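Here are some notes to read beside the model. Please keep the structure open while you go through them.

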Amino acid sequence: MGIEIYELVPEDSTILKEVMPDFDFENPIMDPDELASSLVETCKKYNSLGLSANQCGFPHRVFVMGNVDDFIACFNPKLILAEDEAHMPEGCLSFPLLELRITRPKTITVEYQDWNGE
């Protein structure tokens, strides 16, 4: 299949409100390397810093984040620790005309798998 640029789901899509299941590396319904690569290329197309699989209509707990050519793909992320607070303006590709000042943890510790399941 190769690297594909995905379309974003509309802002009223129910997939944006659902809890996503883990990506199943034992029985994947799509190639995880292709998914990660296509999410990165889609993220770059929209000049974004991050993009999740459900924003493109895929029901998996997967996201990519980065800038320019330095991206990582996080499969099945789990938040381990969140500390302090930071306040910043934030936008979302799923809601392109909306920017809000958001309070987020200043630092986090996460566990995730890469596209190889490691």
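The points below cover the helix, a strand residue, the salt bridges, a surface patch and some backbone angles.

1. Ground rules. This is a predicted model, in which local features need pLDDT of at least 70 and side-chain atom pairs count only at pLDDT 80 or more, while totals for chains, interfaces and linings use all residues. Numbering runs from 1 along each chain as its sequence is written, and side-chain values use heavy atoms, with hydrogens and water left out. Helices (H or I, at least four residues) and strands (E, at least two) are DSSP runs, numbered from the N terminus.

2. Helix α1. It covers residues 32-45, which makes 14 residues. From first C-alpha to last it reaches 20 Å, close to the 20 Å expected at 1.5 Å a residue. That expected span is 1.5 Å times one less than the number of residues.

3. The ends of α1. Asp31 caps the N-terminal end, with a side-chain oxygen 2.9 Å from the backbone nitrogen of Asp33. After the helix comes Asn47, whose phi is positive, near 50°.

4. The buried side of α1. Buried means under 20% relative accessible area, exposed over 50%, and partly exposed in between (1.4 Å probe, protein chains only). The buried residues of α1 are Pro32, Leu35, Ala36, Ser38, Leu39, Val40, Thr42 and Cys43. They pack against β1 (50-52), β2 (62-67) and β3 (70-83).

5. Ser52. This residue lies in strand β1. Ser52 counts as buried because its relative accessibility is 17%. Leaving aside neighbours within four places in sequence, Ser52 is in contact (heavy atoms within 4.5 Å) with Leu39, Val62 and Phe63. The side chains of Ser52 and Asn54 are also joined by a polar contact of 2.5 Å. A polar contact is a pair of N or O atoms within 3.5 Å; within protein, one must be able to donate a hydrogen and the other to accept it, and residues adjacent in sequence count only if both atoms are side-chain atoms.

6. Salt bridges. How many salt bridges are there by the rule used here? The rule asks for a side-chain nitrogen of Lys or Arg within 4 Å of a carboxyl oxygen of Asp or Glu. The count comes to four.

7. Asp22 and Arg61. Their closest N and O atoms are 2.5 Å apart in a salt bridge. The pair links distant parts of the chain: Asp22 sits in the segment before α1 and Arg61 in the loop between β1 and β2, 39 residues apart. Asp22 counts as partly exposed at 43% relative accessibility. Arg61 is also partly exposed, at 23%.

8. Asp69 and Lys44. Here the N to O distance is 2.9 Å. Asp69 is in the loop between β2 and β3, Lys44 is in helix α1, and 25 residues separate them. Asp69 is exposed at 67% relative accessibility, whereas Lys44 is partly exposed at 27%. Glu41, Lys44 and Asp69 are linked in a network of salt bridges.

9. Arg104 and Glu90. This salt bridge has an N to O distance of 2.5 Å. It links Arg104 in strand β5 (residues 95-104) with Glu90 in strand β4 (residues 86-92), 14 residues apart. Arg104 is partly exposed at 37%, and Glu90 is partly exposed at 27%.

10. Nonpolar patch. Met65, Ile72, Leu79, Ile108, Val110 and Tyr112 make a nonpolar surface patch of about 530 Å². Patch residues have over 30% relative accessible area and no salt bridge; like charges are joined within 9 Å, nonpolar side chains (Val, Leu, Ile, Met, Phe, Trp, Tyr) within 5 Å. Areas come from the Shrake-Rupley method with a 1.4 Å probe; for residues, only the protein chains shown count as cover. β3 and β6 (107-113) each supply at least two residues. The largest share, three residues, comes from β6.

11. Positive phi. Most residues other than glycine have a negative phi. Asn76, not a glycine, has a positive phi of about 55°. Asn76 is found in strand β3 and is buried at 5% relative accessibility. Asp84 also has a positive phi, near 55°. Asp84 lies in the loop between β3 and β4 and is exposed at 59%.
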